[in-house]
Amino acid sequence: MNKHTDDALPLPPPGSDRRRVDPFLGIALAASAIIMAFVLLPLVEMVVQPSVEDLRETWSDPDVIRAIGMSLYTSGSAALIAFVFGTPFAYLLARKHFPGKRLVESVVDLPIMIPHPVVGIALLSMAGRHHWFGRILDQLNIQIMGTVTGIVCVLTFVGLPFYINAVKTGFEAVPARLETVSRSLGASPWSTFFRITLPLAWRSMLVGLIMCMARAVSEFGAVVIVAYHPMVAPVMIYERFTAYGLKYSQPVAVGLIMVCLVLFLLLRWASPRKDGTA
Amino acid sequence: MIRVEDLAIVLPGFALEDIDLQVNPGEAFALLGPTGAGKTLLLEAIIGVVPVTRGRILIDGRDMTGLPPERRRIGILYQDHALFPHLSVAENIAYGQRYCTSALPNLEPLIERLGLQRLLSRRIHSLSGGEKQRVALARSLAVAPSVLLLDEPLTALDPNFREDIRGLLKTLHQDTGITLLMVTHDFAEAHFMAQRTAVMNRGRIEQVGPVDAIFERPETPFVADFVGMKNFFPAVIAGNDAVIGNIRLRCKARGGDFHAVAVRPENVRIRKDPFDAGTANQLAGKLRRMLNRGFYADVWVDVDGLSFRAIDSRRRLSRSGVAEGETVYLAIAPEDIHLMREGKADAESARTSGKARIRE
């Protein structure tokens, strides 16, 4: 019967101009093209400017390699910390309703809004000897100022919201009823998490890890306050720019762009598919 | 056996109160009520995922109130089947078996019985609605639960699958003798599946009893409306007469103190011309509105300030020539006038409280 009605649909009259672009679509396309150009042009320009010789020289510079390695190491550590502490937190936010939940969610988002140098300053003032927390750290022999620990601390701070929000969304997409059924079949909460929730949400966790790490790799403002040395890539780019100028900072920047590009390709590859399952 | 004693669950904005219920061993019991009555909440409290504020839940005599769901041995079948999408049909069915401490039921006869042999290696998203529901049923039965809860198991199915699953559930219950507690908003479904039923409204149980008894003798205005007695009037009952405003209706006296009457629309006869002189309870009124329902039509007739609702086939109505705005005659047999104790209650709330209605 349906087929019949489909057949009866009126066809456009012959000769009507089908190539005319809808003005709404036209504006949307124009806006998209402007944004693409705005993002891509400066990046492409930067990548193609340095000569091959410059690039080779810079990338064989052990300082540069060390800085990029340090960036990856510290931001990877931050992502790992976000994973360990953020996963149960995200699960709680996705599953439980409690008074003040909106407030807690806003606190999670705070690091996105705070100006980055402020993050570094706040952390330093906590870690100083005049603060009780700083004295505890001191007794535990933990140094923040100018250490890898300090860098990982600020990177975790700025990266956490990205991990928690991505994973929370992933957990929310798993119907609570699946967990109820699993429990009714005899599975404990742990077993249910590892057999049902995790297999259905792991993609979101991966996306969260990459987002968190990508955010951390690109951090400059907070890191430079806490630790100029050991040097991460953004700080090195800044240093070379101020000390030697554009020409010397560009090759390092290209290296960092390549690293970020790989991270984001991973992100795109791992993003949830349409059916929402792994 | 399921026993719920003086149960209360208080949530922000909603509360279940004074829930007392017993489902006997091997019985099929239906929880009936409109959307938002609290049926599913009660079911989830019995499974153990909703904490109770007060009261006890016993399964086969054991107090389960504080136990986690995994230690209650209660099966659940949801209307959206809640199958695990990342597992195959076979993996779904066998999911709970590794946690089973008691003797495992043999899966093969179960799979065969539910017609799932050829689906075992399939992924969940490739199944039809009816197949999904059969897999979900197999999954819950595979761990030999002591009771099975059904949360509107037929609602989400196409009509042809619905017949299929309904018949399957019925024979399964008859053959295995498992205790069933089903939630539904469809009286016809309860009538087909269950021996006894409880009608719920706004977090309370309004009436419990055999399905037929509730259908024929509702005790509250809400239940009367729910089982299709759409004509509800507070009345003064004197002997064999019910006086509603200026109208006097002859009815069949029963022992007891009654303050209201209720009549099914299908028991209100309607004609353009007066009935024979000897016809009991003949009323003349004005046909206010006629609503087309396919084969049937709903008709509202104003009689002396009261609105009566009648149902008849459209063919009969058009043949008798009744039309909106014109005078028509109604007749109600005395035995079709149901006497009720409650006179003042919230008939209005019953009328507006949901989509849940008997299938006419």
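**Exercise 1.** Determine which element gives the largest share of the lining of the largest pocket.

*Solution.* Step 1. The largest share, eight residues, comes from α10(A). Helices (H or I, at least four residues) and strands (E, at least two) are DSSP runs, numbered from the N terminus. The model is predicted: local features need pLDDT of at least 70, side-chain atom pairs count only at pLDDT 80 or more, and totals for chains, interfaces and linings use all residues. Residues are numbered from 1 along each chain as its sequence is written, chains are lettered from A and ligands numbered from 1 in the order in which they are written, and side-chain values use heavy atoms, with hydrogens and water left out.

Step 1. The volume of the largest pocket is about 1,000 Å³. On a 1 Å grid over the protein atoms alone, a pocket is an open set of points where a 1.4 Å probe fits, with protein on both sides within 12 Å along at least five of seven lines; lining residues have an atom within 4 Å of a point. Grid points are joined across faces, edges and corners, and the volume is the space filled by probe spheres set on the points.

Step 2. The lining has 28 residues, and Y91(A), R95(A), K96(A), E179(A) and R183(A) are the closest to the pocket centre. Two or more lining residues come from each of α4 (62-95), α9 (176-184) and α10 (189-217) of chain A.

Step 3. By class, 16 lining residues are nonpolar, six polar and six charged. Ala, Val, Leu, Ile, Met, Phe, Trp, Tyr, Cys and Pro count as nonpolar, Asp, Glu, Lys and Arg as charged, and the others, Gly among them, as polar.

**Exercise 2.** Describe the contact between chain A and chain B.

*Solution.* Step 1. Chain A brings 19 residues and chain B 24 residues, where contact means heavy atoms within 4.5 Å.

Step 1. Three salt bridges are counted between chain A and chain B; each is a side-chain nitrogen of Lys or Arg within 4 Å of a carboxyl oxygen of Asp or Glu.

Step 2. R183(A) and E70(B) form a salt bridge through their side chains (2.6 Å, N to O).

Step 3. Another salt bridge links D151(B) and R177(A) (3.5 Å, N to O). D151(B) lies in strand β7 (residues 147-151) of chain B and R177(A) in helix α9 of chain A, so this pair joins two chains.

**Exercise 3.** Which peptide bond is cis, and where is P230(A) placed?

*Solution.* Step 1. The bond from H229(A) to P230(A) is cis, with omega near -5 degrees.

Step 1. P230(A) sits in the loop between α11 (221-226) and α12 (233-244) of chain A.
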